Amino acid sequence: MDDSITLKGIKQGLLVTFKPDIKWPDITARFMSLIDSQGSFFQGAHVTLAIGEREVRRHELANMQNLLLKRGVTVLAVISDSPTTQASARKLGLKTDLTTVEMEASPVDDEVVLKPPPIDPEERGTEGVLVRRTLRNGRTIHSEGHVVVMGDVNAGAVITAVGDVIVWGRLRGTVHAGVRGDEAAVVCALDLAPTQLRIAGHITISPEDRRRKPKPEKAFVRNGRIEAEAWE
Amino acid sequence: MGARVITVTSGKGGVGKTTATANLAVALALLDKKVVCIDADIGLRNLDVVMGLENRIVYDLVDVVEGRCKLRQAMVKDKRVPDLYLLPAAQTRDKTAVSPQDMVALTNQLRPDYDYILIDSPAGIEWGFRNALAPADEVVVVTNPEVSAVRDADRIVGLIEAEERKIPVSLVINRVKAAMVQRGDMLSVSDVMDILSIRLLGVIPEDENILVSSNKGSPLTLNNQTVMAGEAFRNIARRLTGEKVPLLKLEQKGGLLKRLSRLFGSSDSTA
């Protein structure tokens with residue numbers, strides 16, 4: 001790739017800067033071949049064009065906008081020091097100031113970044129951590145969703161989950177399901193013998209019968225206490 | 001290719017790491033292998049005592065790392081067997097005197113000339129353990145049939161498994177008392193394997209002779225005594241060389257141990 005076009009990721013998408021000493025038709029052609037050479041990378045992209053002092057007429061800018069549109073690329077704004085270019089951009093309905101774009105775009109961005117998506121009861125099964133090995137003493141796992149372990153959870157290992165905990169193996173460590181207070185959370189294991197089991201604000205320990213036969217069990221909260229029954 | 005570096009570790013102290021290292025080193029040397037043991041327990045060295053080489057130490061591991069002597073000068077030759085050397089730990093320094101990179105460099109220097117390099121790891125999971133683990137091609141975890149020792153072994157295995165490079169880990173269960181297991185008062189080999197689920201390299205019965213030989217500085221495997229524990233260590237050494245030796249698995253179930261004990265005239269089964 002030559003250096004006549006530089007790309008930079010910004011909050012609003014991509015900032016495209018053109019080198020001033022290359023003619024507009026030429027720069028248009030180079031930009032299109034750059035997009036075409038990158039496969040689907042630009043598909044759906046929003047670009048801001050930094051044109052500098054170059055004077056670009058309306059039809060020239062419109063031409064580039066059309067070519068970009070055909071490639072699935074939307075022009076958000078044109079940044080230029082030239083009044084002619086700024087006028088061209090405005091006539092095409094494009095913004096000429098990045099800060100106005102920023103102001104409008106940022107609330108949307110922040111919402112996506114800061115707020116975790118609300119846990120919809122019907123969607124809860126989709127989030128979680130899958131551990132495909134034995135969790136040994138001293139290992140810890142936390143998930144804002146569910147935790148599934150394919151292996152044993154040995155004494156000394158700790159699992160915490162906002163949702164459920166499923167262990168396809170022996171559960172001997174400490175486990176806390178529904179850490180954010182979800183009393184509907186459950187803990188299931190092929191052999192349920194945790195050092196300590198917590199669901200939401202409830203806490204219990206395993207009954208003391210060493211010679212019991214391991215069987216799949218499910219623990220949950222019923223009538224304000226944790227109970228376990230056969231997991232079927 | 002050169003030597004295989006085997007680190008002997010446990011997490012918990014006092015389970016028999018040093019005893020195992022000394023006995024395996026002697027047993028391997030008696031199988032005509034060229035062996036070096038490195039005591040990585042800097043500040044609390046014991047391997048030299050158990051091997052009976054304490055009074056012949058001039059330089060140590062830290063002297064080598066800090067360039068005060070050549071590697072050859074620090075190595076103490078055990079004259080009782082053909083090709084066995086000890087690289088002792090420093091007693092007056094703390095373990096931060098050596099880094100994991102130092103250990104890797106040191107073992108790489110030794111590799112071409114030996115068949116086995118055994119590293120006796122200190123207890124714990126900190127610096128000393130990291131030093132001992134860094135150059136390992138293979139790790140032998142020693143544990144006792146006792147809940148706290150098994151917990152620590154589990155922790156160690158977890159730490160080794162979390163390493164980026166895959167290091168094979170196997171288990172030696174030391175100090176198994178057949179009679180207690182039979183009565184259900186001690187974890188059995190299968191109880192331990194249930195929790196740790198790694199390759200079982202061997203089982204060593206509890207034996208007073210081990211303590212006696214450690215105190216004398218003459219590892220059990222050195223004398224061709226017909227002692228169960230010595231036999232068990234020799235079997236482990238043969239397994240390390242790739243030989244298929246059946247595990248004396250039944251010994252803690254009682255039957256075989258009693259028969260073998262009678263055969264060897266050991267008093268172990270009545271303990």
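How many bridges join strand 1 of chain B to strand 5 of chain B? In this predicted model, the count is five, and the two strands run parallel. Strand 1 covers residues 4-9 of chain B. One pairing can be picked out by residue: Val8(B) has Asp120(B) as its bridge partner in strand 5 of chain B.

Strand 5 of chain B also pairs with strand 2 of chain B, residues 35-39. Again the sense is parallel, and five bridges link the two. Here Cys37(B) stands opposite Leu118(B) of strand 5.

Now look at strand 5 of chain B itself, residues 116-120. Is it covered or open? The strand is mostly covered, with five of its five residues buried. Both faces are covered. On one side sit Tyr116(B), Leu118(B) and Asp120(B), and on the other Ile117(B) and Ile119(B).

Next, turn to a loop. Glu66(B) lies between helix 3 (61-65) and helix 4 (71-74) of chain B. Glu66(B) counts as partly exposed because it has 13 C-beta neighbours inside 10 Å. In sequence, Glu66(B) and Asp102(B) are 36 residues apart. In space, their C-alpha atoms are 9.6 Å apart.

Finally, move to the contact between the chains. Chain B gives seven residues and chain A gives eight. On the chain B side, helix 7 (residues 147-161) supplies the largest share, five residues. By class, that side of chain B has two nonpolar, two polar and three charged residues.

Notes:
Residues numbered from 1 in each chain as written. Chains lettered and ligands numbered in written order. Predicted model: local features only at pLDDT ≥ 70, side-chain atom pairs only at ≥ 80, totals over all residues. Contact = placed C-beta atoms within 7 Å. Helix = DSSP H or I, 4+ residues; strand = E, 2+ residues; numbered from the N terminus. Nonpolar A, V, L, I, M, F, W, Y, C, P; charged D, E, K, R; others polar. Buried ≥ 20, exposed ≤ 12 C-beta atoms within 10 Å, placed from the backbone. Pairing = 2+ DSSP bridges.
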